[in-house]
Amino acid sequence: MGVLDHLSHMFDCSSGSSKLKKRKQFQTVDIKVRIDCEGCERKVRRSVEGMRGVKTVEVDPKQNKLTVVGYVEPATVLARAAHRTGKKAELWPYVGYDKVAHPYAPGVYDKKAPPGYVRRSEDPQVQSLARATSFEVRYTTAFSDDNPDACVVM
């Protein structure tokens with residue numbers, strides 16, 4: 001910044017306060033909330049539709065998922081959905097099956113998860129599970145039925 005920019009910010013009288021207002025990010029917030037019937041779906045949808053900054057609201061009753069898109073804070077949306085519906089709500093705890101290194105590790109695999117999803121885990125013990133090296137992969141695929149150049153001795 002130059003000297004003129006600095007001075008213009010110091011003597012700027014156009015705004016009422018000197019604090020800069022932090023803008024909210026445009027983001028998607030996914031929330032897990034139990035949805036049993038169409039009435040619950042309507043109640044969950046209406047609980048967050050009137051919030052300032054909300055652009056779209058999608059409810060997926062099969063996955064018990066509420067998706068809110070807009071200029072909102074995740075904690076605010078979560079608190080409002082839980083308060084207005086009276087239901088237990090939490091941020092979407094699942095990630096895609098292909099995004100996790102070890103989807104069947106203890107603490108990650110969840111029978112209640114929707115198809116194609118596993119529970120998000122920040123546990124360092126799960127992250128430290130051994131991965132096959134390229135040397136091991138090369139030898140295990142040498143005898144694979146999926147590999148057309150595999151050994152035919154078997």
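Start with the largest nonpolar core, which has 17 residues. A nonpolar core here is a set of buried Ala, Val, Leu, Ile, Met, Phe, Trp, Tyr and Cys residues joined through side-chain atoms within 4.5 Å. Buried means under 20% relative accessible area, exposed over 50%, and partly exposed in between (1.4 Å probe, protein chains only). Select V48, L66, V68 and V77, the residues with the most contacts inside this core. Now color strand 1 (27–33), helix 2 (38–49), strand 2, strand 3 and helix 3 (74–85): each supplies at least two core residues. Helices (H or I, at least four residues) and strands (E, at least two) are DSSP runs, numbered from the N terminus.

This is a predicted model: local features need pLDDT of at least 70, side-chain atom pairs count only at pLDDT 80 or more, and totals for chains, interfaces and linings use all residues. Residues are numbered from 1 along each chain as its sequence is written, and side-chain values use heavy atoms, with hydrogens and water left out.

Center on V68. Leaving aside neighbours within four places in sequence, V68 is in contact (heavy atoms within 4.5 Å) with Q27, T28, V29, V48, V54, T56 and V77.

Next, select strand 2 (residues 54–60) and strand 3 (residues 65–70). They run antiparallel, joined by six bridges; two strands pair if DSSP finds at least two bridges between them. D60 stands opposite K65. Four residues lie between the strands of this hairpin, and N64 takes a positive phi near 55 degrees.

Now the salt bridges. The rule is a side-chain nitrogen of Lys or Arg within 4 Å of a carboxyl oxygen of Asp or Glu. The count comes to three.

- Select K32 and E90: their side chains meet at 4.0 Å, N to O. K32 lies in strand 1 and E90 in strand 4 (residues 89–91), so the pair ties together parts 58 residues apart in sequence.
- Select R34 and D36: this salt bridge is 3.0 Å, N to O. D36 is exposed at 53% relative accessibility, and R34 is exposed at 54%.
- Select E41 and R45: this salt bridge is 3.8 Å, N to O. Both residues lie in helix 2, four residues apart, about one turn of the helix.

Finish on the surface. Which residues form a nonpolar patch there? Select Y97, Y104 and Y109, with about 380 Å² of accessible area together. Patches are made of residues with over 30% relative accessible area and no salt bridge: like charges are joined within 9 Å, nonpolar side chains (Val, Leu, Ile, Met, Phe, Trp, Tyr) within 5 Å. Areas come from the Shrake-Rupley method with a 1.4 Å probe; for residues, only the protein chains shown count as cover. Zoom in on Y104, in the loop between strand 5 (94–96) and strand 6 (117–119). Y104 is exposed, at 59% relative accessible area.
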